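Biologist: Can you walk me through this one? I'd like to start with the sheets and then get to the helices.

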Amino acid sequence: MSFLTIDHVTHHYFLANSYKKALKDISLSIKQGEFVALLGPSGCGKSTLLSIIAGIVKHTSGEVLLENKPIKPTDKTIGYMLQQDYLFPWKTIMENVMIGPKIHKSNDPAILTKAETLLNQVGLTGISEAYPESLSGGMRQRVALVRTLLNNPKILLLDEPFSALDYQTKLKLEDLVSTTLKAFNKTAILVTHDIGEAIAMADRIFVMEANPGMISKVFEVPIELRQEAPFSVRKHPKYQVLFDKVWEELEDKEGKTEE
Amino acid sequence: MAPETKTDSQLFQQYKYNLKREKRIIITWQLALLIAFVGLWEIASRLYWIDPLLFSSPSEVTQVLISNMADGSMLKHIQITLFETIAGFIIGTLVGIIFASVLWSSSRFSKIMDPYLVIMNAMPKVALGPILIVALGTGYVSIIAMGALISVIITTLVIYNAFNEVDPNYEKVLRSFGATRWQQFKEAIFPATLPAMISTLKVNVGLSWVGVIVGEFLVAKQGLGYLIIYGFQVFDFSLVLSSLVLIAIFAAIMYKVVEKLEGRLIRSKT
C-alpha cells in the first residue's frame, strides 16, 4: 500500500515576462519506511518537489497525498532538513531542538526527556546549554536532525543535508542518519546530486532530468546494499555496478539537453 | 627550550608595550588638538583676530557656564532638552519598529505604502514644524513629536529592509514545523534583526537632537535650543556658544551610552 502518493504533479514558475515549467507530470509512490533518493542535475526541480511535498510551495496541478489525505503544513507530519543546519544562533542547542514543541505549544514534560535522549543518541552529550556557534558543522547538522526527529514526523525530507560538510564528516553523518531513520522506521526522501550518496543511503533512486523537470528513470538498489550502512555500501562490489548504470543515465540525459 | 620560551614572552611584552605606546600617542595628539583649538580661539579673541563680540572666547564661555550653573537656570534648560530628546528618540525608534513590523506582516500593504514612504523619507521633516505646533500646541509635546518624527520614517525603512534580508530558510524551517506568520516573526525575524535595530539607535540619537533643537528654535520658552535663539536675539554669543558646548557634550554622552547598550545586548544574545 502506498504511503505517500504524488499524482501527476506539475509546477510552473511565473515571472513578469516569462514562465518556466519546473516540474512536468511527476508521479511516484513511496511505501512506509522506505528511503528514496531524488537524483539529478541542478535545475531539475528536485528541491521544488520537496517544497511541494512539504506544502511550502503550492503546485500548479496534480495531487500530493499522505495516507490518502492532502498534506497541510500545519500538521506535524513533515520533517525538513536543509543544506545547512539553520540553527538559530541566538538560541541554545536545547532551545533550538525544542522549537517544534514550542510552536505547537505542547506542554508535555516528557518531550524534554525525549530531546535529551535523542541528543545522546546522536552523540551530543552535555552541550544543551551551548550556542550553535561553538559547534562544528557536523555537530550542528546532528542537532538539526534531532530538532526534526523530536517532532515525530511521518516523513522526512532531506534537501542535500550533507552537501555543506567536509567529506569525512559527511560519510559519518550519512551513517548516523541512515541508521537512526531505520531504527525509527521513518519514511524519507533525500534530494542529492551525489550518485554515491544516493546509492549508499536509498532503497530506490529516482533519476530526474531538467527542462522541464521529469523523472527519467527509477533504479532499485539491490537488497544486499540496502542492508548495509552507507559507509560499507561504498565498498560493496555491487555498488560500482549500480554507480556506472546511474552515471550512464545521467550522462545520457545531459547530452540530450545540451543538444 | 628555556631561552626560547623567554624570547616568546619577551616578544609578547614587546607587543604589549607597542600597543600601549600607540594608544598613548593617539591620546596625546587628541589632547593636543583640543588644547590647540581652545588656545588659538582664546588668543585670536584677545588679539582681535576675530571679533570677540561675535565669536566670544573660551574664558567667556566658561564664565557664562559657571554663573548659569551656579544659579541653577542652566540645569533647568539642560533637563528639559535632555528629556525631550530622550523621549523623541525612544518614541521615534519604537514607532518605527512597529511600522516596519506592520509592513512586514503584509507584502501587499507594504507595496501600497511604498511611494508614500519614499515621499515621507525624502521630505525634510523639520519643514513640518509649524504644522506640528498648530496641531499639538506650543508646549514640549510638539518638540518631542519633532524629535520622533525626524527619525521614525528612516527607522521604518531600515528595519523593514533588515526584516526582508533575514535568510528565508529560517522561515522555511519554522514553516515546516507549522509555524504561523506571527510565530515566524517572533522566533526568527525579530531576533535576527536585533543588531540592525540597535545600530539604527545610534543614528536616531543624532537625529533626535536635530529635531528637538529645531523644535526649540521654533517655539520653546526653555531648553538649550531656546537659549541659542535667545542668545542670538540679545546678541549674547557667549550664551550661544556655551549652549552649543553643552549640546555637544550631552549628544556625545548619549551616543556612548547607546554604544555601551549595543555591546551588552549583542553579547547577551549570541
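Modeller: Strands here are DSSP E runs of at least two residues, helices are H or I runs of at least four, and both are numbered from the N terminus. Mind that this is a predicted model, where local features need pLDDT of at least 70 and side-chain atom pairs count only at pLDDT 80 or more, while totals for chains, interfaces and linings use all residues. Residues are numbered from 1 along each chain as its sequence is written, chains are lettered from A and ligands numbered from 1 in the order in which they are written, and side-chain values use heavy atoms, with hydrogens and water left out.

Biologist: OK, so how many bridges hold β1(A) and β2(A) together?

Modeller: Eight, with β1(A), residues 4-14, pairing with β2(A) in the antiparallel sense. (Two strands pair if DSSP finds at least two bridges between them.) Leu4(A) sits opposite Ile30(A) in β2(A), and the two strands form a hairpin with four residues between them.

Biologist: What's the strand order in that sheet?

Modeller: β2-β1-β4-β5 in chain A, an open sheet with antiparallel pairing. The edges are β2 (19-30) and β5 (69-70) of chain A, each of which pairs on one side only.

Biologist: Which helix packs on it?

Modeller: α1 of chain A, residues 46-54, touching β1, β2 and β4 (61-66) of chain A. Contact means heavy atoms within 4.5 Å. The direction of α1(A) makes about 115 degrees with that of β1(A); axes are lines fitted to C-alpha atoms, for helices over the stretch in contact, and angles run from 0 to 180 degrees between N-to-C directions.

Biologist: Next sheet, then. Which strands are in the mixed one?

Modeller: Six of them, in the order β6-β7-β8-β3-β9-β10 of chain A, and that sheet is open too. β6 (78-81) and β10 (214-220) of chain A are at the edges with a single partner strand each, so one side of each has no neighbour in the sheet. From one strand to the next the twist averages 20 degrees.

Biologist: Do β6(A) and β7(A) run parallel or antiparallel?

Modeller: Parallel, with four bridges joining β6(A) to β7(A), residues 155-159. Tyr80(A) is opposite Leu157(A) in β7(A).

Biologist: And what goes on at the β9(A)/β10(A) end?

Modeller: Six bridges join β9(A), residues 204-209, to β10(A), and those two run antiparallel. Glu209(A) is opposite Met214(A) in β10(A). They make a hairpin with four residues between them, and Asn211(A) in the turn has a positive phi of about 50 degrees. The peptide bond from Asn211(A) to Pro212(A) is cis, with omega near -10 degrees, and Pro212(A) is in the loop between β9 and β10 of chain A.

Biologist: How confident is the predictor in chain A?

Modeller: The mean pLDDT (per-residue predictor confidence, from 0 to 100) is 86, and 97% of the residues score at least 70. Confidence is lowest in α10(A), residues 237-258, at a mean of 80, and highest in β8(A), residues 187-192, at 92.

Biologist: Helices now. How do α5(A) and α6(A) pack?

Modeller: At about 15 degrees, axes 10 Å apart, for α5(A) (137-150) and α6(A) (167-183). They are therefore roughly parallel to each other; the classes are under 35 degrees for roughly parallel, over 145 for roughly antiparallel, 65 to 115 for roughly perpendicular, and oblique for the rest. Their contact residues divide into six nonpolar, four polar and one charged. Ala, Val, Leu, Ile, Met, Phe, Trp, Tyr, Cys and Pro count as nonpolar, Asp, Glu, Lys and Arg as charged, and the others, Gly among them, as polar.

Biologist: What about α6(B) and α7(B)?

Modeller: About 140 degrees, with axes 9 Å apart; α6(B) covers residues 129-136. That pair is therefore oblique. On the α6(B) side the contact is Gly129(B), Leu132(B), Ile133(B) and Leu136(B), meeting residues of α7(B) including Met146(B) and Leu149(B).
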